[in-house]
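Here's a walk through the fold, one piece at a time. Keep the structure open and click along as you read.

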Amino acid sequence: MADSIRASILDGAPTVVIKVGTNVLTDATGSLDRRRIQSLADQVHRIRVGGRKVVLVSSGAIGAGVGKLGLGKRPVDLPHLQACAAVGQSALMQLYQESLTPHDVHTAQILLTAGDFDNRARYLNVRNTILTLFEYNVLPIINENDTVSVAEIKFGDNDHLAAMVTNLLRAPLLVLLTNVDGLYSSDPNTDSDAALLSTVRHIDASIGKMAGASKSHLGTGGMASKLKAARLATAAGEAVIMANGSLDGILDRIFAGEEAGTLFLPHGEDVPSWKRWLGYTARPKGSLVIDSGACRAVVEKGKSLLPIGVKAVTGEFGKGDVVSICDESGQEIARGLSNYSAQDAEKFKGQKATLPYKELIHRDNLVVTNSEPT
């Protein structure tokens, strides 16, 4: 049965990002599940035939490598994980192409690191490449470049990567396919009374507490990471649907407007592309802790951040770098481009005197990321 809210969201989503997790794509041994991938490819094709542009963010390279190498379980150290990714990525892409060839669909592999999103020029190049692939009617398939990523530049999991791609493209809908039916009121593994939530209007602290500590033996994410990704997308004005990718026909059901999985409604205004990069994509190189008065000025009054409101400076950043703005409890409320280096910000903090720049961060270069500071 179609749901009116979901139908409305689907009507306004000409571009969608679909993320599929490792445990959706692999069987119990860690090998790629050919039947599942063929079913996924068939459903993606039907979505595209319906007139939508689709980007697929696919995990599974490391899991595929584990299966091909007969390891039985996922390694824990970085070199062995990277080796598994190198072996598995080509197998993963080959299977996607084989599954889509009957539909006369070409695929394109895009491997990214967090550094590609930190750098504004590279960020825009990724966007331009994807838009050009759309012109050629090619299906972009994105994964983290696990063979070169190290701890300092990793996204952490493909849920976060998918949310960043959603923001990059300003896609109105992100679909997270995982191995659970959606968000439950409590962990269904430990609570028999746990109920599946159909719709979440706002991802706040109470919703965060519903995430269990679950994590699969082949994947990297859990419910907490999926909620974090959902919050990243919904705060920028996109909707998110989390559903069980192992269920037959799940994408067909979602795009028919059925009440499948959990729908997270947008709870932020539509953010311009420039501020999406600034507030939700580029990683801060430092942070500024500000007092309550400055918090109110930034969050409630839409003001610039002045040096007088800054209480502490951390990190190493230069003029023009992205920094996190935090309240006195350490909770981030905004991000912006600093007019000063960390050394100068430390020197000028708390001052009211005439300085080279009146604002430490000008309002035009500032994005509020949390309107509910503690």
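Five strands make up an open sheet with mixed pairing, and their order is 10-9-11-12-13. At the edges sit strand 10 (310-315) and strand 13, each pairing on one side only. Ignoring direction, neighbouring strands in this sheet are turned by 20° against each other on average. All of this comes from a predicted model, by the way, so read the numbers as computed ones.

Inside that sheet, strand 9 pairs with strand 11 (residues 322-326) in the parallel sense, over 3 bridges. If you want a spot to look at, Ser287 stands opposite Ser324 in strand 11. Helix 12 (residues 273-280) packs on the sheet and touches strand 11, strand 12 and strand 13. The direction of helix 12 makes about 70° with that of strand 13.

Helix 13 (residues 292-299) is worth a look too. Which of its residues are buried? They are Ala294, Cys295, Ala297, Val298 and Val299. The cover over these buried residues includes strand 9 (286-290), strand 12 (332-337) and strand 13 (366-368). At the N-terminal end, helix 13 is capped by Asp291, with a side-chain oxygen 3.2 Å from the backbone nitrogen of Gly293.

Strand 7 (residues 239-244) and strand 8 (residues 262-264) pair in the antiparallel sense, over 3 bridges. Within that pairing, Val240 has Phe264 of strand 8 as its bridge partner.

Most residues other than glycine have a negative phi. Asn137 isn't a glycine, yet its phi is positive, at about 60°. Arg170 sits in the loop between helix 8 (158-169) and strand 5 (173-178), and Arg170 is partly exposed, with a relative accessible area of 33%.

On to the cysteines. How many disulfides turn up in a search of the whole structure? The count is 0. A disulfide would need the two sulfur atoms within 2.5 Å. Cys295 is buried, with a relative accessible area of 7%. Cys84 is buried too, with a relative accessible area of 2%.

Last stop, the aromatics. The whole structure holds 3 aromatic pairs. One of them is Phe117 with Tyr123: the ring centres are 6.1 Å apart and the planes are at 65°, so the pair counts as edge-to-face. Are these two buried or exposed? Phe117 is buried, and Tyr123 is buried as well.

Methods
Residues numbered from 1 in each chain as written. Predicted model: local features only at pLDDT ≥ 70, side-chain atom pairs only at ≥ 80, totals over all residues. Heavy atoms only, no water. Helix = DSSP H or I, 4+ residues; strand = E, 2+ residues; numbered from the N terminus. Buried < 20%, exposed > 50% of the residue type's maximum accessible area, 1.4 Å probe, protein only. Pairing = 2+ DSSP bridges. Contact = heavy atoms within 4.5 Å. Polar contact = N/O pair within 3.5 Å; in protein donor to acceptor, adjacent residues only side chain to side chain. Phe/Tyr/Trp six-rings, centres within 6.5 Å; stacked < 30°, edge-to-face > 60°. Axes fitted to C-alpha atoms, helices over the stretch in contact; angles between N-to-C directions.
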